[in-house]
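Good morning, everyone, and thank you for making the time.

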Amino acid sequence: TKTYTIETEEGDVFVSDENEKMTWDYFGPEEQIYRIEVRAEAADVIVQDAAEAELPASVEDGTIPVGVWKSREDASSVESHVEDGVLYINCTAGDYYSGDDWGTEIRICLPEEGISQLSVSSDLGNVDLTDSLRIGTLEADLEAGNLDIGDQVFINESAAVSCGSGDIDVRDLTCLGDMQVSLDLGNAYLGFQDLGGSLDVTMGSGNGEIELPGDEADYNYDLSTGTGNIDFGDWGSDDDDWEHHTEFYPDGSENHVFQSGIGATMQLTNIPGGSTI
């Protein structure tokens, strides 16, 4: 026989058939939260639209529900509080579950109007920003884990994301300001519906793929790689010369540039003062 004691001051607590404890806390609109700061030693962090979340109870408009999933044996702790308009969420690792995931999962449900500032820092675990979120500024810093930003996420100002070891997957993002991406070990896919500022991507070891709205001529480029390939523009030929290959449109403009080897670079200014990659 095992006896479990659960102490909680407020919020909803549920225990599933899979021996998981689920806890919900609600931070109301009267607290005027403009920023969320998440610090996790070992946890998966999921940020989603409250309208799409399966909440245990209906909540007032503008409320930010925070749910925590973990096994009963998980000794990690999650503490949340609001101070001066900032919602702080801190996860301290314990003897967490050693199964297929990190054992602790934090779900943050944003109201329809979104949040002005979101900052997530994680030592071990994945961060998932699901579809249709509205965020003013985004900061994400992961040591080991993957960062996934879903479809139709809208960033009104700027974004700065980094991963020490893991992949970055961004799909159909709208970012009206600058975006900085840093990745030490892993692959990055960056897909944009709209990009209003500069894009700065720094990678240590891995592959980077970028898909942008509009045409190649809408942007300026300053690209370089220590060892690897730069593949730019549309593939318009079956030519297998992969050393230094350049094709041109009938009007003389470049159609596709491919460079490989050590120290490949490409600099191109189409619109002086315009957006630069």
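I will go through the salt bridges, then one glutamine, and then the pocket.

Please keep in mind throughout that this is a predicted model.

Let me begin with charge pairing, where, as a general point, side chains of opposite charge can pair when their charged atoms come close. The count in this model comes to seven salt bridges, and I will take you through some of them.

One of them joins the side chains of Glu-37 and Arg-35, with 2.8 Å from N to O.

Which other residue forms a salt bridge with Arg-171? That is Asp-151, whose side chain meets Arg-171 at 3.6 Å, N to O. Asp-151 sits in the loop between E12 and strand E13, which covers 154–165, while Arg-171 is in strand E14, so here the parts tied together are 20 residues apart in sequence. Asp-151 is partly exposed, its relative accessible area being 32%. Through shared partners, salt bridges join Asp-148, Asp-151, Asp-169 and Arg-171 into one network.

Now to the glutamine. Gln-48 is part of strand E4, residues 44–49, and with a relative accessibility of 9% it counts as buried. Its side chain makes a polar contact of 2.9 Å with the side chain of Arg-107. Leaving aside residues up to four places away in sequence, Gln-48 touches Ala-53, Arg-107, Ile-108, Cys-109, Leu-110, Thr-130 and Leu-133.

Finally, the largest pocket holds about 1200 Å³ of space. It is lined by 34 residues, of which Gly-208, Glu-209, Ile-210, Leu-223 and Asn-229 are the closest to its centre. The elements that contribute two or more residues to this lining are strands E16 (188–195), E17 (199–205), E18 (208–211) and E19 (221–233), and the largest share, 13 residues, comes from E19. Sorted by class, the lining has 13 nonpolar, 14 polar and seven charged residues.

Note on methods. Residues are numbered from 1 along each chain as its sequence is written. This is a predicted model: local features need pLDDT of at least 70, side-chain atom pairs count only at pLDDT 80 or more; totals for chains, interfaces and linings use all residues. Side-chain values use heavy atoms; hydrogens and water are left out. On a 1 Å grid over the protein atoms alone, a cavity is a set of points where a 1.4 Å probe fits but cannot get out, and a pocket is an open set with protein on both sides within 12 Å along at least five of seven lines; lining residues have an atom within 4 Å of a point. Grid points are joined across faces, edges and corners, and a volume is the space filled by probe spheres set on the points. Helices (H or I, at least four residues) and strands (E, at least two) are DSSP runs, numbered from the N terminus. Ala, Val, Leu, Ile, Met, Phe, Trp, Tyr, Cys and Pro count as nonpolar, Asp, Glu, Lys and Arg as charged, and the others, Gly among them, as polar. Buried means under 20% relative accessible area, exposed over 50%, partly exposed in between (1.4 Å probe, protein chains only). A polar contact is a pair of N or O atoms within 3.5 Å; within protein, one must be able to donate a hydrogen and the other to accept it, and residues adjacent in sequence count only if both atoms are side-chain atoms. Contact means heavy atoms within 4.5 Å. A salt bridge is a side-chain nitrogen of Lys or Arg within 4 Å of a carboxyl oxygen of Asp or Glu.
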